[in-house]
Amino acid sequence: MDDTRITKSDGVKIVSNMTDYTSLSATFSWTDARALVDGLPEGKMNIAHEAVDRHVTAGHGEQLALRWITKSGQRHDFSYGDLQREANRFANVLRARGFQKGDRVYALLGRVPQLYIAALGTLKAGCTFCPLFSAFGPEPIRARMEIGGANALITTARLYERKVKSLRSALPDLRDVFVIDDAPEDTLSLADLMRWAGDAFETEPMDREDTALLHFTSGTTGKPKGVVHVHEAVVAHNWTGHIALDLRAGDVYWCTADPGWVTGTSYGIVAPLTNRVSMIVDEAEFDVARWYETLESEGVTVWYTAPTAIRMLMKAGTGPMQHHDFAALRFMASVGEPLNPEAVVWASKAFGKPFHDNWWQTETGGIMIANFAATDVKPGSMGQPLPGIKAGIVEKDEDTGVLREVTEPHTMGELALRAGWPSMMRGYLHEQARYDKCFLDGWYLTGDLALRDEDGYFWFVGRADDLIKSAGHLIGPFEVESVLIEHEAVAEAGVIGIPDETAGEVVKAFVTLRQGFDESEDLRLDILAHARKKLGPAVAPKEIAFSEDLPKTRSGKIMRRLLKARALGLPEGDLSTMESDET
Ligand code: ATP
Ligand code: MG
């Protein structure tokens, strides 16, 4: 952790949705955020109303809501009016097929317009929407559909044939499968049904506490949990999009998250639409040249991506950036994993502006801690709690079980949040005891370790499970990884503790190399020396292994538990969310 700061007050004055962090934090209440959304008569609410209907009613039906870029590069535009009509059709299809309030509609789709239409139509009809990673194999699909009691699925013929067909008999609750292209036997053609469905639909007024969304966590630490969110969450989606991503009506916004991950919904559908931006949706997977081209040609103003992608851009160097003009780009943010300081500094040079790291979880439903457009960025820090969020570092007394808030700066403990914001999960599906364990003395315990500095910035140390205890030192893998990737040859690093007779554990690192570097003993020693110099011998890795790739979840997180299991020859555990080439 160093004191480098990227200041916002020098030079050009930053105009952002927030003028003064301190005063807003002091005066803000969630009632203010509730006033920024419409609500429905008699205290009711529906996310889809806030995302689409109210904008159309207010006369913005012609505004671009979604520009879909196909794999081959064609553009298809949907205005807010188009999105409303299509979502209405989908809601009518659901009704015609007998689906009612509370039924569960799953999506197994890539980044295609039907995903957005289905999500909004499902919410309009009062059903619960649950997205899955389209790259999942049959078993993770079955498990998640079973846990959530899926009643309907929307997918493609290819995905159906390869992954779902064989599961039908095991899923008695699954009544209908809607297929967006040529419908195989036992499925319904969505295009045919939509053709005949009316484009008017009265959005179902829901109780604020009615379930709206079901998301499975990334499974980075173990078996994924089914997290329940309610319609009231939209208050936080809207507010956090406004304040943490600085979204404004008319922005051209690009969220690169996979639709199967919570970010793909909270900030890939809900927050951008409630803030009335124009979303760019690229069907294709990551590609350096294509991404730079998209940023420039679409005039993206706000860009939300993840550390893995940023590290891949860094790996490719600044060559592919040349001859591109990113003048339109106003704000860049990152989530999902700790963002190494090196990446923030790199972006400041390469784009002329930093990435703003922010922190949240599937459970929190929305961004909780962030580097804001208006505040200084401390590279390597997750930033400060959003106005409306109280975060603390807590420590449990082992004997009494009492929770104590650690107020001394730079002291590591568990990151906790004062419960009670609108997008807080309302439960882990079928796991009440596990849910209850997350709360103590009015705090929600995140399972992440962090510390707070004297300016109130939070610094991620690691997941509680990933902490390394070596010769009396507690070592967070992030700190070690960040130093390793400062080495010119290192693209990515994953750090774990392996058992050691004398030290308890020693630090072992797996590194992947940047283009132009080859594995060699000299290079290994050079990286070791760099780490020792920066971290000191107690914290630096004792061992470094070169690796072609690091195991990652489909949401792009390094799976340290898997690195460890493999290094120790232990069972690999739940691999359902592991990234692979299968699509
Ligand atoms: P599981 O709980 O099933 O192991 P997961 O925790 O990876 O999976 P998500 O809800 O997708 O599932 O991820 C939230 C976690 O990701 C956080 O608890 C934190 O560990 C990590 N994370 C997210 N954003 C950041 C960030 N900006 N800095 C550091 N860590 C982050
Ligand atoms: Mg988690």
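**A tour of the cysteines, the cores and ligand 1**

A search of the whole predicted model turns up zero disulfides, a disulfide being a pair of cysteine sulfur atoms within 2.5 Å. Residues are numbered from 1 along each chain as its sequence is written, chains are lettered from A and ligands numbered from 1 in the order in which they are written. In this predicted model local features need pLDDT of at least 70, side-chain atom pairs count only at pLDDT 80 or more, and totals for chains, interfaces and linings use all residues, while side-chain values use heavy atoms, without hydrogens and water.

Select Cys 127. Its sulfur lies 13 Å from the closest cysteine sulfur, in Cys 130, which is too far for a bond. Cys 127 is buried, at 0% relative accessible area (buried means under 20%, with a 1.4 Å probe and protein chains only).

Next, select Met 145 and Leu 273. These two touch the most other members of the largest nonpolar core, which has 124 residues. Such a core is a set of buried Ala, Val, Leu, Ile, Met, Phe, Trp, Tyr and Cys residues joined through side-chain atoms within 4.5 Å. A second, separate core of 27 residues includes Met 321 and Phe 355.

Now go to ligand 1. Among the 22 residues around ligand 1, Thr 217, Ser 218, Thr 220, Thr 221 and Thr 362 come nearest; a residue counts as near if one of its heavy atoms lies within 4 Å. Show the side chain of Thr 220: one of its N or O atoms is 2.3 Å from an oxygen atom of ligand 1. For Arg 463, the corresponding distance from a side-chain N or O atom to an oxygen atom of ligand 1 is 2.9 Å.

Note on methods:
Buried means under 20% relative accessible area, exposed over 50%, partly exposed in between (1.4 Å probe, protein chains only). A polar contact is a pair of N or O atoms within 3.5 Å; within protein, one must be able to donate a hydrogen and the other to accept it, and residues adjacent in sequence count only if both atoms are side-chain atoms.
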